[in-house]
Amino acid sequence: MAAHRRPSRHSLSGSTVRTAATIALAGAATAAGLDGTGQAAPRLTPEQVKARVDKLYQEAETATQKYDAAREKADTAEKRLRTLGDEAARRQQKLNSARDALGSIAAAQYRDGGIDPVMRLLLSDDPRRYLDGAAFAEQAGARQAAAVADVRRQLREIGRLRGDAHVELTSFRSRQEELRRQKKTVTAKLDEARRLLSRLSPRRRAAIDGNGDTGHVTRADARTALGTTSPRAAAAVAYAYEKLGSPYVWGATGPHAFDCSGLTQAAYRSAGVSLPRTTYAQINAGRRVPRSELRPGDLVFFYSGISHVGLYVGNGQMIHAPNPSAPVRLAPVDQMPFAGAARVV
């Protein structure tokens, strides 16, 4: 019967068959990859690994500078909290003395046969509220009024200190949270870089890390070049030379390990010059100088985000703390994208 006949199937053209076969093969390949029986992802070439690792190190350096800035602010907030706590303790002692003085007045009046309003103030669970009563000033004598005014002032100062401390505590907690976020970012990027490097032979890793290219400035060369710079800049350069071979540790400022801005800060600290903590701030810590006028002791900065810094030592070379896979070392200034320079002293 025509009404019950199955509908006829359309025939597949040659191109449709090829397309269907391609889709089927692609699906089979995907399934094989998911169950672990397919081919592994193509291995990166050493050049690709180097490019990826360099990018990860740069991103980690940027996060490190943000971490350093957050830690500096957290340290400042913590010091401010301690200062406020010490001041509040001193104010509390003064308040206790003032209340003791009121107590002496009240005791004398009690011996004379009366309970003075000052005694009620002393015995009150909430002296601030009691002091706000308008009748108190009318009832108290001149001496009592002065003592009460002193207590009132002390209470206001303690209240202000507690408010300031609350603000600082909120700021401190915010900085701590920022520290945790930046630490997580740095750690993740460095871990990925280590995983990539672990796939290479030691020789390939050394080539990527650049451990074979440590510059060509000798100490004699440096002494000659230092004749053109200031004594404090010379002292900073001498300190950097002493730290050659020290490990890179992100967030470190010495004396045995450094990150990039930690090294330059420590070098100038040894010369009696205080530098800010981060690359972003250090580039503005002195007078900008063009690359053609660099002198030993100048700070040299790299990348468009100003995320790396080294200490120029002459002859186109610097001393810097590169990354976790390389210690403090000499390197050519043109090894990285140059962003600017600053002369501190």
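Reader: To begin, is Asn315 buried or exposed?

Author: Asn315 counts as exposed, because its relative accessibility is 57%. Exposed means over 50% relative accessible area, buried under 20%, and partly exposed in between, with a 1.4 Å probe and protein chains only. This is a predicted model, in which local features need pLDDT of at least 70 and side-chain atom pairs count only at pLDDT 80 or more, while totals for chains, interfaces and linings use all residues. Residues are numbered from 1 along each chain as its sequence is written, and side-chain values use heavy atoms, with hydrogens and water left out.

Reader: Where is Asn315 found, and what is its phi?

Author: Asn315 is in the loop between β3 and β4. Its phi is positive, about 55 degrees, although Asn315 is not a glycine. Strands here are DSSP runs of E with at least two residues, and helices are runs of H or I with at least four, numbered from the N terminus.

Reader: Which residues does a cis peptide bond join?

Author: The cis bond joins Gly254 and Pro255, with omega about 5 degrees. Pro255 belongs to the loop between α9 and α10.

Reader: Turning to the sheet, what is the strand order?

Author: The order is β1-β6-β2-β3-β4-β5, an open sheet of six strands with antiparallel pairing. Two strands pair if DSSP finds at least two bridges between them. β1 (287-288) and β5 stand at the edges with a single partner strand each, so one side of each has no neighbour in the sheet.

Reader: How many bridges join β2 to β6?

Author: Four bridges join β2 to β6 (residues 338-343), and the two run antiparallel. Within this pairing, Leu299 stands opposite Ala342 and Phe301 opposite Gly340. β2 and β3 also pair in the antiparallel sense, over four bridges, and there Leu299 faces Leu311.

Reader: Which way do the residues of β2 point?

Author: Leu299 and Phe301 point one way, Val300 and Phe302 the other, and all are buried.

Reader: Which strands does α10 touch?

Author: α10 packs on the sheet and touches β2, β3 and β4, with its direction at about 45 degrees to that of β3. Axes are lines fitted to C-alpha atoms, for helices over the stretch in contact, and angles run from 0 to 180 degrees between N-to-C directions. Nine of the eleven residues of α10 are buried, so the helix is largely enclosed by the rest of the structure. Among them are Cys260, Gly262, Leu263 and Tyr268.

Reader: How many residues does the largest nonpolar core have?

Author: That core has 47 residues, and Val53, Phe258, Tyr268, Leu299, Phe301, Leu311 and Ile319 have the most contacts inside it. A nonpolar core is a set of buried Ala, Val, Leu, Ile, Met, Phe, Trp, Tyr and Cys residues joined through side-chain atoms within 4.5 Å. α2 gives the most to this core, with ten residues. A second, separate core has eleven residues, including Leu294, Phe302, Met318 and Ala341.

Reader: What does the side chain of His320 make a polar contact with?

Author: The side chain of His320 makes a polar contact with the side chain of His308, at 2.8 Å. Such a contact is a pair of N or O atoms within 3.5 Å; within protein, one must be able to donate a hydrogen and the other to accept it, and residues adjacent in sequence count only if both atoms are side-chain atoms. His320 lies in β4 (residues 317-320) and counts as buried, at 1% relative accessibility. Leaving aside neighbours within four places in sequence, His320 is in contact (heavy atoms within 4.5 Å) with residues including Leu263, Val309, Pro327 and Met336.

Reader: Finally, what separates the C-alpha atoms of Ala326 and Pro247?

Author: They are separated by 7.2 Å, although the two residues are 79 apart along the chain. Ala326 is in the loop between β4 and β5 (329-332) and counts as buried, at 3% relative accessibility.
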